[in-house]
Amino acid sequence: MGNEHISLSILPERGGKIVSLFDRRARREWLVAPEREMGGPADASIPYDEGDLCGWDEMMPTIAACRYPQSRRDLPDHGELWQKSWRVVAQSEDSLVTSVTGDLGYQLEREIHLGTRGVRVDYLVGAGCDGLEFLWAAHPFFALRSGTRMKFEGFGDFVGDQGDEVAPHGPWPTDEPTIADILAPGLDRKVFAPALAQRVSASLHDPSGAWVRCEWESSDAPWLGLWLDRASLSSHQTAVIEPTGASSDSLEVAARLGQSWKLAPGESRRWSIAIECGVREGAKSEEEKGKL
């Protein structure tokens with residue numbers, strides 16, 4: 001999918017993974033690219049953190065491996081949808097609708113709309129005959145460059161995962177930090193922040209002037225999950241900006257905190273997020289710089 005401003009590449013058969021989000025004006029690829037060619041569904045025997053840490057996956061019905069609430073059913077690490085082949089429901093020049101059926105009997109439908117400077121992603125989940133309790137998180141691996149700064153608007157203080165025995169707390173070292181302000185080389189960190197405004201955003205800003213921003217309504221996703229990796233698990237410096245519903249990656253913990261999403265049999269839920277990218281006014285794109 002693409003227009004004169006932006007292009008996307010999506011692999012429905014690979015867990016619905018979005019493998020490219022490219023800003024044509026800035027000549028900037030925002031997602032960590034795959035290191036090898038990808039085929040069908042991911043190998044479920046390979047842990048997520050040892051697999052393809054790239055692109056954009058959807059995490060559901062949990063992010064961390066745990067037990068399904070009030071049952072003995074084990075849920076896999078980073079959920080199950082990244083392991084499945086998704087179906088293409090409808091496609092046009094500026095939209096793509098895909099769907100997938102989960103092992104708990106639910107169906108998730110995702111519709112991607114391509115706009116002038118970004119995309120809107122609409123989600124619809126329908127519960128099966130047993131109802132559904134779940135977590136969801138978008139999981140885009142944004143590729144960081146030297147000096148890329150992070151900006152968060154509408155959130156409260158960052159805290160650690162509420163399921164951790166020792167949760168990392170503390171203020172950010174600067175208002176708009178780089179990953180080097182927070183982590184030493186070879187380390188990674190996961191934190192959460194509550195949405196305090198009606199509409200919130202998390203954005204990345206390169207020194208070149210290129211930027212990308214994730215926006216959503218707090219009623220759609222009341223928490224921001226942020227995983228930063230300075231070449232610890234990933235081979236790249238990356239920021240995973242995760243709109244989500246809870247202050248924990250574990251559905252089991254979220255249920256205990258009263259933060260999980262619940263659907264009665266046959267009930268459905270909708271939510272949306274928007275991604276916009278561009279170049280700061282007066283800044284030159286990477287392509288323009290190369291011609292100087």
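A residue is taken as buried when its relative accessible area is under 20%. By this criterion, in the predicted model examined here, seven of the eight residues of strand β18, which spans residues 237-244, are buried, so the strand is largely enclosed by the rest of the structure.

The hairpin formed by β17 and β18 has six residues between the strands, and in it A231 adopts a positive phi near 60°. The pairing of β18 with β12 (residues 137-143) is likewise antiparallel, in this case over four bridges, and A137 has T244 of β18 as its bridge partner.

Elsewhere, S99 is located in strand β8, which comprises residues 95-101. The relative accessible area of S99 is 3%, and because this value falls under the 20% cut-off, the residue is buried. When neighbours within four places in sequence are left aside, the contacts of S99 are with W86, R87, V89, Q107, L108 and E109.

With regard to the cysteines, a search of the whole structure returns zero disulfides. C277, accordingly, takes part in no disulfide, and the nearest cysteine sulfur, which belongs to C214, lies 10 Å away, whereas a disulfide would require the two sulfur atoms to be within 2.5 Å. C277 counts as buried at 4% relative accessibility, and C66 is also buried, with a relative accessible area of 10%.

Methods:
Residues numbered from 1 in each chain as written. Predicted model: local features only at pLDDT ≥ 70, side-chain atom pairs only at ≥ 80, totals over all residues. Heavy atoms only, no water. Buried < 20%, exposed > 50% of the residue type's maximum accessible area, 1.4 Å probe, protein only. Helix = DSSP H or I, 4+ residues; strand = E, 2+ residues; numbered from the N terminus. Pairing = 2+ DSSP bridges. Contact = heavy atoms within 4.5 Å.
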